[in-house]
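This briefing goes through one protein chain topic by topic. Please keep the sequence and the model open while reading.

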Amino acid sequence: MEKLTNFQRFSQRKIKVSPQSDGRAILSTFSAHILNPGAERQGIHVEYPYISMKQPYPAYPVMEIQGIWLVQDFTEDNGSPLFAPYSQKLCSSPDPLHFSEVAKKVTGKAGSVVISHGLCWHDSSVNYSQQQRVAIVGQYVPKFIRPKDERLHKVQPEVLDGASPKLKQLLGYDFKSAVSKDMGQLIGRQVRSVG
Ligand SMILES: [Fe+2]
């Protein structure tokens, strides 16, 4: 029950990147990221779905936004993520040399959230501390993108019964009605433009 509460609490936090984005995102993944002591770097990357696309990656629309909730403090030595500022504007896969020159470590207090563009080059750093470092990561994609973790969209009936409209939207359960609405708007625009 506690897991369900946390899932609902975190996954529905509003992540709005533009006036057009509200109500158009679904969850792609939602998971705990646990770095054990000594955990190595993950490797520089951009996020799904960009990694499955050909370059240059499209600048618009935004295909992925990630929220990293800090369950514990992110410090200089416990595996805090490295981000290359503004690299999302390059619309390309990471260049390791460029990354090593510009990447900055993102530290912060537990309870904070790091919001990043899926095209921003990033990596984890080494966990030199003696403790596990825990974060919760939610990845959000436009509703027309196939979620990376499709199991999220086949939840147990009791989860769905207790889900808010926002959670149902994030799980893709209102996709059918959303498609109808969008098609209606599209047809309306076409009719108006013809008339
Ligand atoms: Fe990542």
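This is a predicted model: local features need pLDDT of at least 70, side-chain atom pairs count only at pLDDT 80 or more; totals for chains, interfaces and linings use all residues.

- β2 and β7 run antiparallel and are joined by six bridges.

**Overall layout**

- The chain contains five helices and seven strands.
- Along the sequence, the elements follow the pattern α-β-β-β-α-β-β-β-β-α-α-α.
- Of the 195 residues in the chain, 24% are buried.
- Among contacts between residues at least 6 apart in sequence, 82% join residues that are at least 24 apart.

**The three-stranded sheet**

- Three strands make an open sheet in the order β4-β3-β6, and the pairing is antiparallel.
- β4 (104-105) and β6 (122-124) are at the edges with a single partner strand each, so one side of each has no neighbour in the sheet.
- Two bridges hold the antiparallel pairing of β3 and β4.
- L82 has K105 in β4 as its bridge partner.

**Nonpolar cores**

- In soluble globular proteins, nonpolar side chains tend to be buried together.
- The largest nonpolar core has 19 residues, of which I26, L27, Y50, Y140, V141 and L171 touch the most other members.
- β1 and β7 (133-142) each supply at least two residues of this core.
- The strand that gives the most to this core is β1, with three residues.
- Another core, of five residues, lies apart from the largest one and includes I68, W69, F74 and A135.

- Most residues other than glycine have a negative phi, and most peptide bonds are trans.
- Where in the chain does P56 lie? P56 is in the loop between β1 (25-35) and β2 (65-70).
- The peptide bond joining Q55 and P56 is cis, with omega at about 0°.
- The bond from Y60 to P61 is also cis, and its omega is near -5°.
- P61, like P56, is found in the loop between β1 and β2.

**The loop between β3 and α2**

- Y86 is in the loop between β3 (81-83) and α2 (96-102).
- Phi of Y86 is near 70°, which is positive although the residue is not glycine.
- Is Y86 buried or exposed? Y86 is exposed, because 11 other C-beta atoms lie within 10 Å, and the exposed class covers counts of 12 or fewer.
- C91 lies in the loop between β3 and α2 as well.
- Phi of C91 is near 55°, again a positive value in a residue other than glycine.
- C91 counts as partly exposed, with 15 C-beta neighbours inside 10 Å.
- D95 is placed in this loop between β3 and α2 too.
- With 15 C-beta neighbours inside 10 Å, D95 is likewise partly exposed.
- D95 and W121 are 26 residues apart along the chain, and their C-alpha atoms are separated by 8.7 Å.

Terms used. Residues are numbered from 1 along each chain as its sequence is written. Helices (H or I, at least four residues) and strands (E, at least two) are DSSP runs, numbered from the N terminus. A residue is buried if 20 or more other C-beta atoms lie within 10 Å of its own, exposed if 12 or fewer, and partly exposed in between; C-beta atoms are placed from the backbone. Two strands pair if DSSP finds at least two bridges between them. A nonpolar core is a set of buried Ala, Val, Leu, Ile, Met, Phe, Trp, Tyr and Cys residues joined through C-beta atoms within 7 Å. Two residues are in contact if their C-beta atoms, placed from the backbone, lie within 7 Å.
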